[in-house]
Amino acid sequence: MSSVLRSAVTGVGGYLPADIVTNDELSKVVDTNDAWIVERTGIHARHRAAPDEAASDLAVAAARKALAAAGRTPAEIDLIIVATTTPDLTFPATAAIVQRKLGAPIGIAFDVQAVCSGFVYALSVADGFVARGMSRCALVIGAETMTRLMDWTDRGTCVLFGDGAGAVVLEPVEGKGDATDRGLLGFALRCDGTKQDLLYVDGGPSTTGTVGHLRMHGREVFRHAVVNISEAVRAAAIDAGVELSAIDWFIPHQANQRILAGVAHRLGIEHERVISTVANHANTSAASIPLAWAQAIDDGRIKPGQLLLVEAMGGGLTWGACVIRF
Ligand code: ACO
């Protein structure tokens, strides 16, 4: 019988900075209140990186936990992909900084920029290395300091985001080529650049020369999110050869409880199968999926062998989904 190489997730880890910012604390900064934020978003609190904590520091902390879970050491890592919108520096890539801080050997390291969809995009890119036998032990990390991109006078955005990192270790395993295999089974990735004005940062090295602040038309983004994500999820399930009814756990990008619930409802996924951390993490962009995944492993919900569905949508607009047998 012929066999195929699959990229198996052998370890997952998350890291949240110590400082927790409640809605009540934000109400002292902008004209908002706990009731509005909870009702519209489901968010109660978010974590904020310390002034001397960079995205790479969050990434390294999450990576160490993922490596420990996989029983691997930094010396074994040959590929690091960091999905981030908030890199330490314009260059080098945050992944190169992570490699140095972990003490990993010379290998491949680069960043992926697809905003909130970055982790799903990065998984797909890593699959191209691991399932081709070009990487024996890969780290895929979502790491964000989104609070650094906020305009703290804009109540429509600054209440929505938080900081954190999540990481997975990918290793090649032999599979049969069907949906019983362990690993990344199916993908759908999308970008519609014509919707750029709905969600963007108004600065950059080749335009303003500044970092800029996040700008968003929340209502339109919300509408696109629910419709677009559902289509991509169905496409990823077809690519994987699974029915959505077979999914054990749905781990959506944690942007807004109403988006998570809306997408799950559209897909016929009961809320008991949805992992939601948005209440305490807020939107950590590319970090949100691996952070939620790590939490649901730690609390005993997600177990090896189960079928997982992850999806995200963010600036670009980008969006995508991936089906994984853990
Ligand atoms: N506190 C109190 N009032 C507020 C706040 C706030 N923090 N923010 C906005 N308001 C006010 C507005 O000023 C407006 O007041 P007005 O009617 O007097 O003009 C009113 O609340 C309604 O504003 P809307 O923006 O229409 O409110 P909406 O119900 O659409 O909720 C929200 C806004 C939460 C941003 C929602 O649109 C949303 O979640 N969109 C998705 C955006 C998102 O999650 N983006 C993340 C990146 S993309 C992704 O990850 C999917």
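Student: Which residues are closest to the ligand, and how many surround it?

Tutor: A residue is near a molecule if one of its heavy atoms lies within 4 Å of it. Here 24 residues surround the ligand, and the closest are Thr32, Arg40, Arg155, Arg219 and Asn256. This is a predicted model, in which local features need pLDDT of at least 70 and side-chain atom pairs count only at pLDDT 80 or more, while totals for chains, interfaces and linings use all residues. Residues are numbered from 1 along each chain as its sequence is written, and side-chain values use heavy atoms, with hydrogens and water left out.

Student: How is the chain divided into domains?

Tutor: Domain bounds come from an automatic or database domain assignment. In this chain, that assignment gives domain 1 as residues 4-175 and domain 2 as residues 183-325. Their centres, taken over C-alpha atoms, are separated by 14 Å.

Student: How is the interface of domain 1 and domain 2 described?

Tutor: The size of an interface is often given as the accessible area lost when the parts come together. Buried area is that loss for two parts, computed with a 1.4 Å probe and summed over both. Domain 1 and domain 2 bury about 3700 Å² between them, with 68% of it on carbon and sulfur atoms. By contact (heavy atoms within 4.5 Å), 52 residues of domain 1 meet 49 residues of domain 2.

Student: What polar contacts cross this interface, and which elements supply the side of domain 1?

Tutor: The rule finds 17 residue pairs in polar contact across the interface, both residues being at pLDDT 80 or more. Helices (H or I, at least four residues) and strands (E, at least two) are DSSP runs, numbered from the N terminus. Among the elements that each supply at least two residues of the side of domain 1 that touches domain 2 are β1 (4-15), α2 (34-41), α5 (118-130) and β7 (163-175). The most comes from β1, with eight residues.

Student: Which salt bridges deserve attention, and how many are there?

Tutor: A salt bridge is a side-chain nitrogen of Lys or Arg within 4 Å of a carboxyl oxygen of Asp or Glu. The structure holds twelve, and the count between domain 1 and domain 2 is one. The side chains of Asp151 and Arg215 form a salt bridge at 2.9 Å, N to O. Asp19 and Arg48 form another, with the closest N and O atoms 3.3 Å apart. This pair links distant parts of the chain, 29 residues apart: Asp19 is in strand β2 (residues 19-22) and Arg48 in strand β3.

Student: Where does the backbone show cis peptide bonds or positive phi values?

Tutor: Most residues other than glycine have a negative phi, and most peptide bonds are trans. The bond from Phe91 to Pro92 is cis, with omega near 5°, and Pro92 lies in the loop between β4 (79-83) and α4 (94-102). Gly316 and Leu317 are also joined by a cis peptide bond, with omega about -15°. Val115 has a positive phi, near 50°, and so does Ser285, near 50°.

Terms used
A polar contact is a pair of N or O atoms within 3.5 Å; within protein, one must be able to donate a hydrogen and the other to accept it, and residues adjacent in sequence count only if both atoms are side-chain atoms.
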